[in-house]
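Open the model in your viewer and keep the selection tool at hand. The stops below go from one chain to the next, and each says what to select and what is there.

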Amino acid sequence: MKKVAMTGNVAVANAMRQINPDVCAAYPITPSTEIMQQFSTFVANGQVDTELVTVESEHSAMSACIGAAAAGGRVMNATSANGLALMWEMLYIAAGNRLPIVLSCVNRALSAPINIHCDHSDSMGARDSGWIQLYAENAQEAYDNTIQAVRIGEHPDLHLPVMSCMDGFIISHSIENLELLDDRQVGDFVGPYKGTAYPLLDLANPVTYGALHLQDYYIESRKQLHEAHKRAKNIVIEVGREYGKLSGRSYGLFETYKMDDAEIGIVALNSAAGTAKVVVDEFRAKGVKAGLLKPRLFRPFPYLEIADALKGLKALCVLDRADSFGAAGGPLFIEVRSALYDLPKRPVAINKIFGLGGRDLGLDDLRKVFEELVTLLDKGQAKSLYEYITVRE
Amino acid sequence: MAGILEVRWHGRGGQGTVTAAKVLAEAVMAEGKNVQAFPEYGPERMGAPLRAYNRISETPMTIHCQVTNPAVVAVVDATLLDTVDVTEGATDDAIFVINTPGDPGELKKKMKLKSKQKVFCVDANAISLETIGRIMPNTPMLGAVVKATKVIKLDTLLADIRASFGKKFAEKIIQSNLDAASRAYGEVRS
Amino acid sequence: MSKPKGWKDLPEGGLIKEAGNAEKYNTGAWRSDRPIWIKENCIQCMFCWVFCPDAAITVDKNGERGEFDYLHCKGCGICALECPSKVKSIVMMSEAEGAKPDALEKAKAAALKMAEEKKAVKA
């Protein structure tokens, strides 16, 4: 174990160095560029055995990853925003072919207008592609999730690609304290690659990937993917617990902060949850029973467990750093509110879209949200279900 | 923020301001404290005004919003005083460390600072010219900030400059940067 | 015909674990016209082997053309059209006629008739 101060990107690049994947295919895009830039120096220095394939686009990067994973290699990649969007077609193919590729998604807003800063419109758009999605509050969690993603995706009951997300710039480019495991600990934890039982390079047993499935078989294949996602939850818990024994940092499906007796609460992903913890503490100091729930696993969405964790609240606000234009709320809100539907007594739930394109979510913004939740305790009905904050009128 | 020291750096692209925030972070971590360092990314061009930030705390930090109320403001280029409001949001007892040969009392008046706010001046340009051989104000500014804030020991800073620069530069350059930081530490005026 | 498998029994990710299993697919059942090969007319030029869009012309270990692979021949007729021998060595017949025991005899007669008609047109 080593205490360091480094950016989220450099932390993830170090996780990749310790994992030592067989193949990485990369095309640079801000703010994820630094991951592969740093990793390429590890390749050049001979610190890893990885074949680093430089390609001409993100579509090609994911295509190369799919080929390499089907061939039987452990494969990793990193991208952001429009890069992820260009991978779109191949994301579905990676999941459909059940290839456990690990992708670091450094969350950034999608164009237009062009913007390089953080929001979750990139990974949220990919939420139905069949990939497992993990979200990280800080550089430590991004590092830890990257290592666990390998074990989760390659689990023999899953064989699914995993997207490990962290906030662009806010985490990717900020230096923070974190602990790195020893190289050997990571090597032992991830173990030898066993992500596919039928590698294409096993020439004695040739197989076909990507065959045509029409009305006769396609839906059976998708049902298999659906069932694999159902199994993922327990595997994420199992891997998180084992990682806890190794590192002292256990992981589950989500983190709860001061939720035991909470009456009002916020649900938020990634770095915003960290800032919200500060405001939870402030309201607790004033005697308000405030709490926070930070989902870690977004796909599959652990709706039963999240409903159970939120059932004691009287009012809650879901903070979404992405809009789902024309929908009944942001992507996280839609999931959370749907999860609450079967509770016999549901809390009032409201939704705020915040921080698009890197707009700061300050302490005052969060204080206003908690103050609104306090008023909901009496009124019980929100003036607005779904609205933007951190926006100029 | 209670228990957290927040620092805002003002500089221009190419002056090593972002590096200064990074080196300070690493030095603070070396003393076992918790730290954050993050620049504000915009159009990164030589000469363009930029900001970088540090948060320093004895306990782990979860806060990840921008620094809006810094207790320490480091101005790496004094010409910014005329174009950027470096006092914006600063706490009532904020410390300003400014790269200038000027007088702290006069600057305090010129900047219309509050009574408990304090100005430290250091001629980082001259120090860097004499030690490093060209105007590179970031390492002397680090020495001055460390002296003004007492956030870490000078030795910790020097050890970290050696560690950070040692990977990239020759011994002569490392030594001149160490000299620059030490001299500024000694010469900063309030 | 075998019953299609359910999702529990199918290989993961639509993988086909068995190599070259297209051979087991009786695409010959798609055929409505059948080519008949007349060995005595055949000059072993291999044009039919070259032009066959499937792989329905069998070749023996001596490199000589053999019988059609009727499990895979879809009856497109390209081989019969391209056959260059003066008296055609491949003749297309309806699948029903071609499957009868006297098909080869009828094919030979048809080949001769075609050759004579062609000669008459030239003359």
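Are A:Asp144 and A:Arg249 buried or exposed? Both are buried, a label given to residues under 20% relative accessible area, with exposed meaning over 50% and partly exposed in between (1.4 Å probe, protein chains only).

Before going further, note that this is a predicted model, in which local features need pLDDT of at least 70 and side-chain atom pairs count only at pLDDT 80 or more, while totals for chains, interfaces and linings use all residues. Residues are numbered from 1 along each chain as its sequence is written, chains are lettered from A and ligands numbered from 1 in the order in which they are written, and side-chain values use heavy atoms, with hydrogens and water left out.

**Stop 1: salt bridges in chain A**

Show the side chains of A:Asp144 and A:Arg249. They meet in a salt bridge at 2.7 Å, N to O; the term requires a side-chain nitrogen of Lys or Arg within 4 Å of a carboxyl oxygen of Asp or Glu. The pair links distant parts of the chain, 105 residues apart: A:Asp144 is in helix H7 (residues 139-154) of chain A, and A:Arg249 is in the loop between helix H9 (218-247) and strand S9 (254-257) of chain A. Helices (H or I, at least four residues) and strands (E, at least two) are DSSP runs, numbered from the N terminus.

Next, select A:Glu227 and A:Lys223. Their side chains meet in a salt bridge of 2.8 Å, N to O. Both residues lie in helix H9 of chain A, four residues apart, which is about one turn of the helix. A:Glu227 counts as buried because its relative accessibility is 14%, whereas A:Lys223, with a relative accessible area of 29%, is partly exposed.

The structure holds 45 salt bridges over all chains.

**Stop 2: a pair in chain C**

Move to C:Glu97 and C:Lys100, whose side chains meet in a salt bridge at 3.0 Å, N to O. C:Glu97 is partly exposed at 26% relative accessibility, and C:Lys100 is partly exposed with a relative accessible area of 40%. Then go back to chain A and select A:Glu137, A:Glu141, A:Glu255, A:Lys277 and A:Lys294, which salt bridges with shared partners join into one network.

**Stop 3: where chain C meets chain A**

Color chains C and A separately. The contact (heavy atoms within 4.5 Å) takes 14 residues from chain C and 17 residues from chain A. The two chains bury about 1,400 Å² between them, 60% of it on carbon and sulfur atoms; buried area is the accessible area (1.4 Å probe) that two parts lose on being put together, summed over both. Select C:Trp7, C:Glu12 and C:Leu15: these supply 42% of the area that chain C buries against chain A, more than any other three residues.

How many salt bridges cross the interface of chain C and chain A? The rule finds one. A:Arg98 forms a salt bridge with C:Glu12, their closest N and O atoms being 3.8 Å apart.

**Stop 4: where chain A meets chain B**

Here 23 residues of chain A are in contact with 18 residues of chain B. About 1,700 Å² is buried between chain A and chain B, and carbon and sulfur atoms give 60% of that area. Select A:Ile175, A:Asn177 and A:Asp360, which supply 33% of the area that chain A buries against chain B, more than any other three residues. The count of salt bridges between chain A and chain B is zero.

Now show strand S1 (2-7), strand S8 (175-180) and helix H10 (270-285) of chain A; each supplies at least two residues of the side of chain A that touches chain B. The largest share of that side, five residues, comes from H10(A).

**Stop 5**

Select helix H3 (residues 124-131) of chain B, where B:Ala124, B:Ile127, B:Ser128 and B:Thr131 are buried. They cover an arc of only 95 degrees around the axis, so they are on the same side of H3(B); the arc is that of the directions from the helix axis to the C-beta atoms. What covers them includes strand S5 (95-99), strand S6 (118-122), H4 and H6 of chain B. Just after H3(B), B:Gly133 takes a positive phi of about 100 degrees.

Finish at helix H5 (residues 154-166) of chain B. Its buried residues include B:Leu157, B:Ile161 and B:Phe165. Among the elements that cover the buried residues of H5(B) are helix H1 (17-30) and helix H4 (138-149) of chain B.
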